Amino acid sequence: MAISSSCSSVKAVNTRWTSPSPSPSSRFSLLPTSLHRRYATNVKLTATSAALKTVEQTTLTEDNKFSSVGSDSDQDIPTLPKPRILVAEKLGEAGLNLLRDFGDVDCSYELSPEDLKKKVAESDALIVRSGTKVTREVFEAAKGRLKVVGRAGVGIDNVDLQAATEHGCLVVNAPTANTVAAAEHGIALLASMARNVAQADASIKAGKWERSKYVGVSLVGKTLAVMGFGKVGTEVARRAKGLGMNVISHDPYAPADRARALGVDLVSFDQAISTADFVSLHMPLTPATKKVFNDETFSKMKKGVRLVNVARGGVIDEDALVRALDAGIVAQAALDVFCEEPPSKDSKLIQHENVTVTPHLGASTKEAQEGVAIEIAEAVAGALKGELSATAVNAPMVAPEVLSELTPYIVLAEKIGRLAVQLVSGGKGVQSIKVVYRSARDRDDLDTRLLRAMITKGIIEPISDSYVNLVNADFIAKQKGLRISEERMVVDTSPEYPIDSIQVQILNVESNFAGAVSESGDISIEGKVKYGVPHLTCVGSFAVDVSLEGNLILCRQVDQPGMIGQVGNILGEQNVNVNFMSVGRTVVRKQAIMAIGVDEEPNSKTLERIGGVSAIAEFVFLKL
Ligand SMILES: NC(=O)C1=CN([C@@H]2O[C@H](COP(=O)(O)OP(=O)(O)OC[C@H]3O[C@@H](n4cnc5c(N)ncnc54)[C@H](O)[C@@H]3O)[C@@H](O)[C@H]2O)C=CC1
Ligand SMILES: O=C(O)C(=O)COP(=O)(O)O
């Protein structure tokens with residue numbers, strides 16, 4: 001592998017080389033390292049795939065997040081209690097069984113906000129559906145214990161994501177298992193609304209026989225506007241095409257070719273609502289979609305339009321809908337979701353004769369509920385075990401194949417950050433950090449969010465008492481005024497590996513080890529992954545080569561024979577096991593840096609003796 005351009009071109013001398021080994025087993029923990037093993041079980045987890053979002057960033061601007069631990073041995077791990085998982089809403093039995101194999105499950109439904117707050121303070125995970133509001137107060141009440149909130153469904157508008165992120169709490173959802181159920185419910189509402197099924201049923205049960213009153217409208221040949229062409233919207237569109245409808249859709253983020261493949265035209269919002277005979281809502285509730293159906297938008301609709309909502313009540317201004325119904329702009333509405341759930345009994349909207357309602361039943365089929373329960377149980381158990389989740393909502397989602405490729409680099413990133421910050425005098429004044437990723441891959445072919453989060457964790461944890469994980473890394477960095485800029489350099493190495501090297505520079509600080517200061521005057525540390533194992537490859541301007549396992553002693557010395565032996569002997573006499581040693585120099589017989597990997601932490605006397613070796617100008621002990 002090419003040696004970094006910022007390092008001396010002199011080849012590092014290895015005194016011992018580790019045999020090629022597989023990647024270290026690493027985890028990206030939501031838990032303190034020491035708690036990891038306690039949650040290890042034999043629960044089989046299957047990761048659901050998620051699209052990897054490639055985000056080009058030069059500074060910390062997003063709320064992304066996490067943490068890693070190396071592979072600890074199973075020995076000396078105390079048996080600790082299982083994690084406590086609070087299930088606050090009804091969940092399918094298969095999911096509950098999965099959770100019970102893994103943790104202590106407390107199924108407590110219909111908790112008052114006060115009781116929920118009490119319970120979360122004793123829970124590592126919380127699982128909810130749409131009926132529980134997971135507010136900032138809930139995260140505050142958890143006092144750091146709550147590590148993951150699992151939303152057993154799609155919509156996460158009932159969870160305060162910002163508060164979750166600030167508290168380092170991962171939020172995961174179950175985005176796929178109820179898609180068909182929601183789409184089928186949308187179609188059921190569409191057809192039953194068009195044929196007045198609910199009203200006619202109520203009429204017969206009231207002893208009437210009103211055939212002429214309940215003449216309906218046909219679906220075939222009518223235009224349906226699907227608002228939100230995501231998972232549910234797509235399935236609704238597919239089914240509506242089968243009913244002979246002309247389907248158009250509005251979705252600012254959906255790819256036109258995916259729509260075209262289904263024979264659906266993507267159109268503007270105004271075009272969709274002004275040409276449709278039926279409008280079906282399938283977008284999430286966000287600040288941008290809140291009350292997007294209001295007096296103004298209803299006034300642009302075709303007179304006699306029919307509306308279906310299985311998305312979220314909050315996307316409609318319900319008072320405006322009542323006005324539109326009264327004015328005959330909206331002929332009928334079929335609603336599964338409401339601004340307030342349950343809605344008040346005397347709600348004009350609910351009582352309106354042209355409105356059909358169901359109590360948020362979109363996801364409520366046996367099949368969907370079993371699927372959702374399994375999907376969320378796997379995601380929550382996986383998160384508690386420290387695995388990266390493919391369904392994380394407030395942390396980078398990474399496809400499993402990308403994750404397995406990036407794993408050793410994620411471990412490297414944290415260790416390089418951790419090393420670099422320990423070279424800052426007193427750990428003080430750390431504000432500007434520059435990260436350089438050298439890679440043979442295209443700029444777009446490398447998602448650095450996880451790496452950046454891990455570097456941030458490595459930098460922050462040794463100099464503060466903040467607990468940093470992938471969820472809150474960017475938030476904590478911003479809070480501490482840390483600026484992290486990222487640079488990618490395309491190098492001519494094998495594109496088989498995602499990254500050639502990661503270099504962390506800490507700018508404008510004093511160093512406690514002059515040898516780590518590069519020509520630009522900044523602390524500079526660089527590492528690579530070799531045979532799946534993270535290695536330190538450059539300190540300041542010196543090339544070294546030491547595997548990043550255990551702890552590290554760095555010495556700057558005069559390059560002369562016998563140095564390795566002298567220092568090795570001192571460590572040996574104190575029973576400190578050297579796992580790796582490497583010497584890098586700039587000019588033969590001038591300055592050299594010796595990097596010594598040690599399994600144990602040498603005592604102060606041993607370190608003093610190393611410092612006493614006459615050729616050694618300076619040394620530093622670093623914890624990895
Ligand atoms: N009633 C129920 O029981 C259920 C309701 N839902 C709700 O359905 C909605 C959609 O779910 P999925 O399709 O699974 O989610 P999804 O994330 O796959 O799709 C949402 C789509 O809405 C689009 N979108 C975002 N902003 C938009 C805007 N301003 N205008 C138009 N489109 C916009 C997105 O680009 C995305 O394609 C969610 O709100 C979810 O909570 C989902 C399942 C069951
Ligand atoms: O998945 C969703 O977004 C839903 O709205 C389903 O909600 P539920 O889990 O049935 O309370």
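Predicted model: local features only at pLDDT ≥ 70, side-chain atom pairs only at ≥ 80, totals over all residues.
How many aromatic pairs does the structure hold?

The structure holds 1 aromatic pair. The partners are phenylalanine 269 and phenylalanine 293, with ring centres 5.7 Å apart. Their planes meet at 40 degrees, so the pair is tilted. Planes under 30 degrees apart would count as stacked, and planes over 60 as edge-to-face.

Where do phenylalanine 269 and phenylalanine 293 sit in the chain? Phenylalanine 269 belongs to helix α9, residues 269-275. Phenylalanine 293 is in the loop between β12 (278-281) and α10 (295-299). They are 24 residues apart, and the pair links distant parts of the chain.

As for burial, phenylalanine 293 has a relative accessibility of 0% and counts as buried. Phenylalanine 269 has a relative accessible area of 17%; the cut-off for buried is under 20%, so phenylalanine 269 is buried too.

Now the chain as a whole. The protein chain has 624 residues, and 54% of them count as buried. Its secondary structure comes to 18 helices and 25 strands. Of the contacts with a separation of 6 or more, 71% are between residues 24 or more positions apart. The accessible surface is about 26800 Å², and carbon and sulfur atoms account for 51% of that.

Valine 305 is in strand β13, which covers residues 305-309. Valine 305 counts as buried, at 1% relative accessibility. Leaving aside residues up to four places away in sequence, valine 305 touches Ala276, Asp277, Phe278 and Val279, and also Ile329, Val330, Ala331 and Gln332. For a sense of scale, take lysine 428: in sequence, valine 305 and lysine 428 are 123 residues apart, and their C-alpha atoms are 65 Å apart in space.

Last, the ligand. Which residues come nearest to ligand 1? There are 25 residues around ligand 1, and the nearest are Lys231, Val232, Asp251, Val310 and Asp336. By class, this shell has 12 nonpolar, 9 polar and 4 charged residues.

Several polar atoms of the protein lie by oxygen atoms of ligand 1. For methionine 283, a backbone N or O atom lies 3.3 Å from a ligand oxygen. For histidine 360, a polar side-chain atom lies 3.3 Å from a ligand oxygen. For alanine 363, a backbone N or O atom lies 3.1 Å from a ligand oxygen. On its own, ligand 1 has 850 Å² of accessible area, and the protein covers 86% of that.

How values were computed
Residues numbered from 1 in each chain as written. Chains lettered and ligands numbered in written order. Heavy atoms only, no water. Helix = DSSP H or I, 4+ residues; strand = E, 2+ residues; numbered from the N terminus. Buried < 20%, exposed > 50% of the residue type's maximum accessible area, 1.4 Å probe, protein only. Contact = heavy atoms within 4.5 Å. Areas by Shrake-Rupley, 256 points an atom, 1.4 Å probe, with all protein chains shown as cover. Near = heavy atom within 4 Å. Polar contact = N/O pair within 3.5 Å; in protein donor to acceptor, adjacent residues only side chain to side chain. Nonpolar A, V, L, I, M, F, W, Y, C, P; charged D, E, K, R; others polar. Phe/Tyr/Trp six-rings, centres within 6.5 Å; stacked < 30°, edge-to-face > 60°.
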